[in-house]
Amino acid sequence: TTAFTLLALMRSGHTPVTGAYQTQVKKGLEYLVAEVEQAKTEGPLITNVQGTQPQTKLGRFVDTSMTAQYLARMLPLLPKESPLRLRVDAALDKCLAKLQVSQQADGSWGKGGGWAPVLQSSLSCSALEIAAANGKQVDKRVLDKAREYQKSNYDMSSGKAKAEAAAGVELYAFGGALRGNASDAREADRLVEQAKQEGRLAASAPVNEESLRIAGVRDSSVAKNLADASDQNVTQLRQLGDEKLLSGFGNNGGEEYLSYLMTSESLVIAGPNEFHKWNDKMLARLKKVQNTDGSWSGHHCITSPVFCTAAVVQ
């Protein structure tokens, strides 16, 4: 929850060196780093605190995933002369190592239990992706397997997300699949668009394997993977108006808010034309369930108003 709240503050412009809440953010960051530093090198866990709502509902390793996400985003924002920078760097490396060695054979992180461990797996996948984007050495095979697991939770033939690891709630697996697919879908679109601008493809050319090969993707398996990612992304985007899907468990818990957040991130990455429509929809939806004191809270599972408000702010 500390890591998730710090993410919300960071996205609102507050870091240890900028914003109105520098003092609080620095204190929170120091807490996270100290927790990671005292953790054993072995195993996936970074804290001795057990039985929290996020762990019980999302999975026992979720602290590692959330903390890695925050540290990976924060590291480039810290000045090189900051005494915290080296500690943050080392703590991030420790988290990333724990995530990479604890991945299961199917690409998930579901072994640690949890009510809907598909969300823990999605957060772990995003943590590795963000760290790699910010220059960290991440095993490509681990990241590829993580993305493939997320994609596999959506069945293109039926247009349904697989909810076995999502407590039977399709929304949780749907959001994770969309998020895990976003970077590859964006890369496919980028390559085809670049080839069109250079005159190597007609303006009407679709994003498919043939177009990607013409665009310069020599490896046929890579071209197929990128084309499949684009197809799945387009198909899932069409379902964002499905109220039955978006209702999740039937009322809002932290898992619903987190799933909405992952969808927002996916649209920023790979669905910019859909983002503003989605954002307007979310603003209207979330306004209706805001508490009178300005916070949001869950009505099942993750009920924490701190966690839920952090998700909504993001």
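Reply: Helix 6 in focus

Helix 6 is mostly covered, with 15 of its 17 residues buried, where buried means under 20% relative accessible area, exposed over 50% and partly exposed in between, for a 1.4 Å probe and protein chains only. Helices, like strands, are DSSP runs numbered from the N terminus, a helix being H or I with at least four residues and a strand E with at least two. This is a predicted model, in which local features need pLDDT of at least 70 and side-chain atom pairs count only at pLDDT 80 or more, whereas totals for chains, interfaces and linings use all residues. Residues are numbered from 1 along each chain as its sequence is written, and side-chain values use heavy atoms, with hydrogens and water left out.

From its first C-alpha to its last, helix 6 reaches 24 Å, close to the 24 Å expected at 1.5 Å a residue, the expected span being 1.5 Å times one less than the number of residues. Just after helix 6, glycine 135 takes a positive phi of about 95 degrees.

The axes of helix 6 (residues 117–133) and helix 4 (residues 62–74) come within 8 Å and cross at roughly 25 degrees, axes being lines fitted to C-alpha atoms, for helices over the stretch in contact, with angles from 0 to 180 degrees between N-to-C directions. Helix 4 is therefore roughly parallel to helix 6, given that angles under 35 degrees count as roughly parallel, over 145 as roughly antiparallel, 65 to 115 as roughly perpendicular and the rest as oblique. Contact means heavy atoms within 4.5 Å, and on that basis Val62, Ser65, Met66, Ala68, Gln69, Ala72 and Arg73 in helix 4 meet residues of helix 6 that are Gln120, Leu123, Ser124, Ser126, Ala127, Ile130 and Ala131. By class, this contact of helix 4 with helix 6 has eight nonpolar, five polar and one charged residues; Ala, Val, Leu, Ile, Met, Phe, Trp, Tyr, Cys and Pro count as nonpolar, Asp, Glu, Lys and Arg as charged, and the others, Gly among them, as polar.

Helix 4 also packs with helix 2 (residues 22–38), their axes coming within 11 Å and crossing at roughly 125 degrees, and helix 2 and helix 4 are therefore oblique to each other. Here Val25, Leu29, Leu32, Val33 and Val36 in helix 2 meet Thr67, Tyr70, Leu71 and Met74 in helix 4, a contact whose residues divide into eight nonpolar, one polar and no charged.
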